[in-house]
Amino acid sequence: MASDPHDYVPGVLRQGKRPHACVVVIFGASGDLTKRKLIPALYNLALEKRLPERFAVVGYARSDMTHEVFRDKMREAVEEFSRTGLKDKEVWERFASALYYERGEDCRAQASASAWSGRPRPRR
Ligand SMILES: NC(=O)c1ccc[n+]([C@@H]2O[C@H](COP(=O)([O-])OP(=O)(O)OC[C@H]3O[C@@H](n4cnc5c(N)ncnc54)[C@H](OP(=O)(O)O)[C@@H]3O)[C@@H](O)[C@H]2O)c1
């Protein structure tokens, strides 16, 4: 086991394979942590081709936002906070097309149920 957590690389990545399809749900997606750290980190994984082919992010918070507004805000966040900036617009477009936003006020029930009912619904 690596002694420094920064040295840790999961086995599948060492072998050059991508991880399986997954959906990342971010609770508090309109907040500071999401724009400052989480989305820039995921975008950098996309740049390094370390995300699964089938990948999506569902952001969840109380603020009312369309998917498009969420994507625009996350683009600004990457431009401001990513160590690479918005390095590759093509990678960004593909990554952004997999960003979705779901509004709700109670993390325990109804909104998560609708987010998990299948592919996130296009909004407006
Ligand atoms: N910011 C950082 O760099 C950082 C670093 C390390 C750890 N953290 C920790 O990460 C956590 C979040 O920090 P943050 O800076 O992102 O805080 P923040 O800017 O205040 O954001 C909080 C988020 O949670 C959402 N939220 C709050 N109550 C909710 C509810 N009842 N239902 C649904 N969504 C709700 C807010 O939604 P609305 O605003 O849309 O209502 C907002 O998106 C905190 O525990 C913080 O200590 C943050």
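Ala, Val, Leu, Ile, Met, Phe, Trp, Tyr, Cys and Pro count here as nonpolar, Asp, Glu, Lys and Arg as charged, and the others, Gly among them, as polar. By that scheme, the shell around the ligand divides into four nonpolar, five polar and five charged residues. The model is predicted: local features need pLDDT of at least 70, side-chain atom pairs count only at pLDDT 80 or more, and totals for chains, interfaces and linings use all residues. Residues are numbered from 1 along each chain as its sequence is written.

The ligand is surrounded by 14 residues, the closest being Gly28, Gly31, Leu33, Arg62 and Ser63; a residue is near a molecule if its C-beta atom, placed from the backbone, lies within 6 Å of it. Helix H2 (residues 32-47) gives the most to this shell, four residues. Helices (H or I, at least four residues) and strands (E, at least two) are DSSP runs, numbered from the N terminus.

Next comes the sheet. Strands of a sheet pair through backbone hydrogen bonds, either parallel or antiparallel. In this model three strands form an open sheet in the order S1-S2-S3, with parallel pairing; two strands pair if DSSP finds at least two bridges between them. Strand S1 (22-27) and strand S3 (99-103) are the edge strands, each pairing on one side only. Strand S2 (residues 55-61) pairs with S3 over five bridges, and valine 57 has leucine 99 in S3 as its bridge partner.

The loop between H2 and S2 holds lysine 49. Lysine 49 counts as exposed because it has 10 C-beta neighbours inside 10 Å; the cut-offs, with C-beta atoms placed from the backbone, are 20 or more others within 10 Å for buried, 12 or fewer for exposed, and partly exposed in between.
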